[in-house]
Amino acid sequence: MTNSDRVDRPDFLTQDVLVALNGGGHAAPYEVLGPHKSGRKRWIVTFQPAAVEVFATVAGKDTPLARIAGDVFAAPVAGKTYTLTMRYPDGSTFTTRDPYAFDPVLSDVDEYLIGEGTHKELWRALGAHVMKHQGVAGTHFAVWAPNAQRVSVIGDFNTWDGRRHALRPVGQTGVWEIFIPQVGDGALYKYQVTGADGQTRDKADPMGFGSQHPPEQASVVRDLAGYGWKDAQWMKSRAARADRASPMTIYEVHLGSWRRRYDDGGRPLSYKEHARDLIAYAKYMGFTHIELLPVSEFPFDGSWGYQPVGLYAPTIRFGPPNEFRDLVDTAHAEGIGVLLDWVPGHFPTDAHGLAKFDGTALYEHADPREGFHQDWNTLIPNYGRREVKNYLLANALYWLEEYHLDGLRVDAVASMLYRDYSRADGEWVPNKDGGRENYEAIAFLQDMNIAAYGADASIMTVAEESTSFPGVSQPVHAGGLGFGYKWNMGWMNDTLRYMEKDPIYRQYDHHLMTFPIDWAFTENFILPISHDEVVHGKGSMIAKMPGTEWEKFANLRAYYAFMWTQPGKKLLFMGCEFAQPEEWNHDAELNWGAAEQPANKGVQQLVRDLNRLYRETPSLHVKDCEAAGFQWISNDPSQSTIAFLRRGNAGDAPVVVVCNFTPVTREGFQVGVPEAGFWEEVLNTDAAVYGGDNRGNLGGCTTENSPADGQAQSIRLTLPPLSVVVLRKQTT
């Protein structure tokens, strides 16, 4: 650059500016690149590494730009609309519009809402958007990095050179933006951020709609516009399916290990293959919904998606975004809802992610006592920062809007609600009142639920909340968190403890099966047997059961029937429906070979029949969340027997459920029933088709005019060992 003083140039191209442009250190390149007036001339200035010649073309007339210094070219050129043509040493040329000649894309309204932290459609402003701007096709990039000294976008379209496409700041929002012509769907990119600490980091786009396949870390430009949804009928009808009075049985699925293609290197099924196979299976089994473990892009397979880096990107492991939409659209066509595990509670420390995004603790807390999860070695979002809260809240709306998801199950809510979660004294910071509640996280969850239900009341939100925090599924205006449903972790823990015991000892712990009803109607509960119960040495569901091989299967069948007839919606993790013998392994497909064995196939058939019975019997679901739908008939700890009544609305046939949790047949077992007549045996877990010995009641029982258990009538049953018998009052 020693000769630059002898080359004609505009006044604003000082020696310091030229050094900064060539070194990639200019903080405000829009002030010097592109078209600018200097004196009486209108200059075009461009930075073009590796070019040997540069021409500006206006109205068909080419004007050569002089090399001012290094790779900075400039010339006075008349006209506002021009193209740049670069010629390279190999003789090749490239023609494009100048990105520094375009006006800003973000509107005043975007700026205002972003600054206020209330942009509910934030993903429409930030991220990488394929568009036409001022009549030119390209991609608009925008990212929030308020403390950065400089931000560039690097990608396969500019040889990953951070000097080429530096962004401009947008007002006082902390957002940086640029429109780059001729960049389109599929382009790879990152943001190169020179932070407040002076360090330069290459970061994936926090709002990126696509990502490279891990371990690669770049974001991918994805055009989300124009997908041809075919689920209008479903979308109009789904409100009823999310209602507390509707049947809801959820099949929880990890897409990476449901099935694998061992004829193709052992890869998981794609989104499109899942659309074909998973949805058909879920429909065959009679589930009303599937729930997907997180699909937001994540770097580590072993996290199962629970440590997301790309909150706005469906993982590329199974295909691009529109193929994920294909999966959802197919599910809706088959009458199946799709729920997504959503993880706003923490994020990993991976260098390309949100951590220290602009050289400061931007998305996270600076103080590790507030901002670091010791259990998972992850960072905690700063819910009290309006922009971070906006980022997460908009993400919830994004999945519901752009992917037509029917609901979000929010992971690890308890870790968000309490500042001392899994922390010893001195390892946490109290709230402003000296307590342990995280007021900012509580407000975020409330606002998220208000926004989600406000945008579309037909969706549902579900909390995985393991404590007794009050009002999780109560409306925000009534002081609750506003979720539609809550997982009943206490029910799961207590009943599994009971079922794992040898039947000879169950009489001493009878309360584990009966006590959960005391709080069953304090929330809108889902009874979950999730992935967490069949990993990390906990054993598979069948392995938890005591006794001989036959007794193990009988116990499991009885447990599932008890679960399906108790108040509350149901959730079952994949593989549990056919009593997979092994723990879940995320690196391999389910043991579908075991599913073909008679005893396993019997459990699978039972779950299918339980889904059908639950779905088709109003008394088993319409009052799942109301005390009026349940009544104890009898409990005998000495015999480990339980009997209860389920009721629906007026006119719905009542259901009586009788459980025998010992390996002893009980003949002539008297049970009180509320109405005289014939009680049809609609399910018996000892049926031969399920793997039992076909001990039962020949289709049902007629009542005796003999009061029992506080009921006016009674019936006498044969209770097979380790079984559940379900009877429904015959109405015709």
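## Cavities in the model

The structure is a predicted model. Rolling a probe the size of a water molecule over the atoms shows where empty space is left. Seven cavities of 30 Å³ or more turn up in the structure.

## The largest cavity

The volume of the largest cavity is about 180 Å³. Its lining is made of 20 residues. Nearest the centre of the largest cavity lie Glu370, Ile380, Tyr418, Arg419 and Asn438. Helix 6 (368–371) and helix 8 (413–417) are the elements that give two or more residues to this lining.

What is the make-up of the lining of the largest cavity by class? Eight of the residues are nonpolar, seven are polar and five are charged.

## The second largest cavity

The second largest cavity holds about 130 Å³ of space. It is lined by 15 residues. Leu122, Leu126, Trp144, Met207 and Tyr363 are the closest to its centre. Two elements supply two or more residues each to the lining of the second largest cavity: strand 9 (136–144) and helix 7 (386–402).

The lining of the second largest cavity has 11 nonpolar residues.

## The largest pocket

The largest pocket contains about 620 Å³ of space. Its lining counts 26 residues. Closest to the centre of the largest pocket are Trp376, Asp411, Ala412, Glu464 and Asp532.

Which helices each supply at least two residues of the lining of the largest pocket? They are helix 8 and helix 10 (489–499). Helix 8 is also one of the elements that give two or more residues to the lining of the largest cavity. By class, the lining of the largest pocket divides into 10 nonpolar, nine polar and seven charged residues.

## The second largest pocket

In the second largest pocket there is about 440 Å³ of space. This pocket has 24 lining residues. Gln48, Phe94, Phe157, Arg164 and His165 lie nearest its centre.

Strands contribute to the lining of the second largest pocket. Strand 2 (41–47), strand 6 (83–87), strand 7 (93–97) and strand 12 (175–181) each supply at least two of its residues. The class count for the lining of the second largest pocket is 13 nonpolar, eight polar and three charged.

Note on methods. Residues numbered from 1 in each chain as written. Predicted model: local features only at pLDDT ≥ 70, side-chain atom pairs only at ≥ 80, totals over all residues. Heavy atoms only, no water. 1 Å grid on protein atoms, 1.4 Å probe; cavity = no way out; pocket = protein on both sides within 12 Å on 5 of 7 lines; lining within 4 Å. Points joined across faces, edges and corners; volume = space filled by probe spheres on them. Helix = DSSP H or I, 4+ residues; strand = E, 2+ residues; numbered from the N terminus. Nonpolar A, V, L, I, M, F, W, Y, C, P; charged D, E, K, R; others polar.
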